[in-house]
Amino acid sequence: MTQEQYILATQPNNLQRPGSAPVYPVGIYGWRKRCLYFFILLLLVIMIVNLALTIWILKVMNFTMDGMGNLRVSKQGVRLEGISEFLLPLYVKEIQSRKDSPLILQSDRNVTVNARNDLGQLTGQLTVGSQAVEAQCQRFEVHSNAGGKVLFSADKDEISIGVGKLRVTGTEGAVFGHSLETPLIRAGPSQDLKLESPTRTLTMEAPKGVEISADAGDFKATCRKELMLESTEGEIFLNANTIRLGNLPHGTFAASSSGSTGPKQTVYELCVCPNGKLYLSPAGTSSTCQSTSNVCLWS
């Protein structure tokens with residue numbers, strides 16, 4: 001074979017033979033093929049990274065069939081173990097702790113518990129702040145553990161204390177702006193009981209009687225003006241071994257011998273004016289009380 005025949009045999013023949021169909025190349029060639037392989041490789045890398053991140057998140061968040069981390073979901077509700085932090089309001093029906101641990105609600109500012117009705121209106125609110133504990137509701141009650149007895153209740157009309165004994169330990173005592181209703185007022189052991197109204201009157205009333213007793217001490221009632229003991233239907237009974245009436249005025253008595261002098265008078269007679277005023281008159285062989293005494297005239 002000559003060199004010219006070899007060159008012609010190796011070169012492609014682009015001339016179509018007469019009577020044959022045209023031939024087109026099929027497939028991806030060149031730069032398109034390289035781009036396709038690159039995108040397939042990039043997609044595979046992204047899938048591997050996503051799978052690794054998903055496994056890492058499941059491992060860190062501790063996802064299980066019962067819940068996530070310290071959160072357990074069951075038919076009874078949601079159970080949280082450990083310390084939980086809520087950044088937004090929490091709406092629940094009931095919150096309770098484990099039987100062997102207390103329930104602690106903590107906040108940097110305050111803890112507020114709200115109760116609403118079906119219309120979304122606020123019916124009750126309890127706020128525990130840094131300065132005070134505030135409760136806003138129609139009626140506030142405190143019950144005991146044994147029997148559910150009401151120890152303290154308050155509403156807009158009255159405040160009721162249901163304990164057997166109320167002890168006030170302040171040095172200034174207790175100040176009541178209005179009336180006080182109680183069956184017994186008693187001081188502590190070895191302490192004095194003092195009832196005082198600095199600028200107004202002090203009134204004690206009871207339909208069946210008021211009893212004031214001091215078993216081991218004195219009873220003292222002082223006032224600036226009049227001290228009145230009044231009984232509309234009964235009597236005033238003073239029962240003691242000795243009854244002393246001090247600073248009673250002395251009345252005058254016109255004796256038969258006014259100029260005579262005698263020993264110092266030490267015995268007096270207790271006299272009563274028609275208006276009920278008491279005074280002392282020098283005792284004599286007979287009664288020396290006279291309605292025309294100067295004490296009765298002054299009154």
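In what order do the three strands of the open sheet lie, and is their pairing parallel or antiparallel? The order is 7-8-9, and the pairing is antiparallel. The model is predicted: local features need pLDDT of at least 70, side-chain atom pairs count only at pLDDT 80 or more, and totals for chains, interfaces and linings use all residues. Residues are numbered from 1 along each chain as its sequence is written, and side-chain values use heavy atoms, without hydrogens and water.

**Open sheet**
- Strands are DSSP runs (E, at least two residues) numbered from the N terminus, and two of them pair if DSSP finds at least two bridges between them.
- Strand 7 (140-143) and strand 9 (159-161) are the edge strands, each pairing on one side only.
- Four bridges link strand 7 to strand 8 (residues 150-154) in the antiparallel sense, with Phe-140 opposite Ala-154 of strand 8.

**Hairpin**
- Strand 10 (residues 268-272) and strand 11 (residues 278-282) run antiparallel and are joined by five bridges.
- Val-272 stands opposite Leu-278 in strand 11.
- Five residues lie between the two strands of this hairpin, in which Gly-276 takes a positive phi near 95°.

**Second largest pocket**
- A pocket is an open set of points on a 1 Å grid over the protein atoms alone, where a 1.4 Å probe fits, with protein on both sides within 12 Å along at least five of seven lines; lining residues have an atom within 4 Å of a point.
- The second largest pocket is lined by 43 residues, with Phe-86, Leu-90, Ile-95, Leu-103 and Leu-105 nearest its centre.
- Strand 4 gives the most to this lining, with six residues.
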